[in-house]
Amino acid sequence: KDKPELKGLPEPEFRKRKRGISIVWLVPLVALAIGGWLVYKAVSEKGPTVTITFKSAEGLEAGKTKIKYKDVELCQVTSIELDDELSRVVVKAEMVKQAEKIISENTRFWVVRARVAAGGISGLGTLFSGAYIGLDPGKRGNPATQFKGLEVPPVVTADLPGSHFGLRAASLGSLNVGVPVYFRRIEVGQVVSYKLDEDGQAVTVKVFIHDPHHQLVRKNTRFWNASGLDIAIDAEGIRVDTESFATLMVGGIAFDTPVDQKSGEPAEENDVFKLYKNRESISEKTYTRKNRWLLYFDSGARGLNSGAPVELQGIQIGQVLDVNLEFNVEKAAFRVPVLI
């Protein structure tokens, strides 16, 4: 104002500058938003991390081996290491979010490779694509992340219509997982598992009969071991019987209801039956009331062994359980006690 050359000019008007977001900051904000969305998506789609132990890592490779269910990839193996005792292989894998619905304490894992077993040839596709880990959800149970892998692939029947039954036998014989189950020489099922009883006195074999053939199993149905050949010699000559060539080579089980009995009530899921040693034995009479007797023979018991029949008028009413040798001090002679 004090300078004359500035007189007559308009007075300057001072305005406060409005603060706003500069376009320079827009780019990092957008990048931050995209990064946050990607992190959220990764976390929300991440499923459980499972740990599976196997005896060997044959055919498995970290970063390549897949875990599949119904040929759908659920994840990829992230690491393969040895445990602290160097006795087993520890396989870790991060499952997809969808796998949470099928992973539980009853889930089973196994390595799928090309195999030739009693049930036939399986896993031929792995010759070109490589081995992968198979998964069976099993029944619903509590959540779990630690699993022990199966060394032998199971027979998966979770999604198949039919019924499971248990068979108790003195020994497993030539039976194995995957051997067929027959009804009148028609294959209607297969063996899915077996285990030794806790007391070690018997073996329980679990079989699965497909629908609708599972309706043929009644309360009074008899199962027998159809493995190998049944040879009988009688007045009519020599009779040879076998269910099929497969049972001759790898074993098998057959079942039927005796013709002298009426069809009983339908069997229920997981009912347990006795597994007879052959077809002829299913017609043998069974007794619910049994007594043990101890017999002494002074003249010896040559040819008498455990399992020999005890007969009354040509009809078997019992069997020999044990044969021993004792010395009678009073008579200074030997005698043979026989338990029947």
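1. At 40% relative accessibility, Glu100 counts as partly exposed, where buried means under 20% relative accessible area, exposed over 50%, and partly exposed in between (1.4 Å probe, protein chains only). Glu100 forms a salt bridge with Lys97, whose closest N and O atoms are 3.5 Å apart, and Lys97 is partly exposed too, at 39%.

2. The model is predicted, so that local features need pLDDT of at least 70 and side-chain atom pairs count only at pLDDT 80 or more, while totals for chains, interfaces and linings use all residues. Residues are numbered from 1 along each chain as its sequence is written, and side-chain values use heavy atoms, with hydrogens and water left out.

3. A salt bridge is taken as a side-chain nitrogen of Lys or Arg within 4 Å of a carboxyl oxygen of Asp or Glu, and by this rule the count comes to 8. One of them joins Asp256 to Arg184, with the closest N and O atoms 3.6 Å apart. This pair links distant parts of the chain, 72 residues apart; Asp256 is buried at 13% relative accessibility, whereas Arg184 is exposed at 60%.

4. Another salt bridge is that of Glu61 with Lys64, at 3.7 Å between the closest N and O atoms; Glu61 is partly exposed at 41% and Lys64 exposed at 56%.

5. The lining of the largest pocket, by class, has 12 nonpolar (Ala, Val, Leu, Ile, Met, Phe, Trp, Tyr, Cys, Pro), 7 charged (Asp, Glu, Lys, Arg) and 10 polar residues (the others, Gly among them).

Methods:
Helix = DSSP H or I, 4+ residues; strand = E, 2+ residues; numbered from the N terminus.
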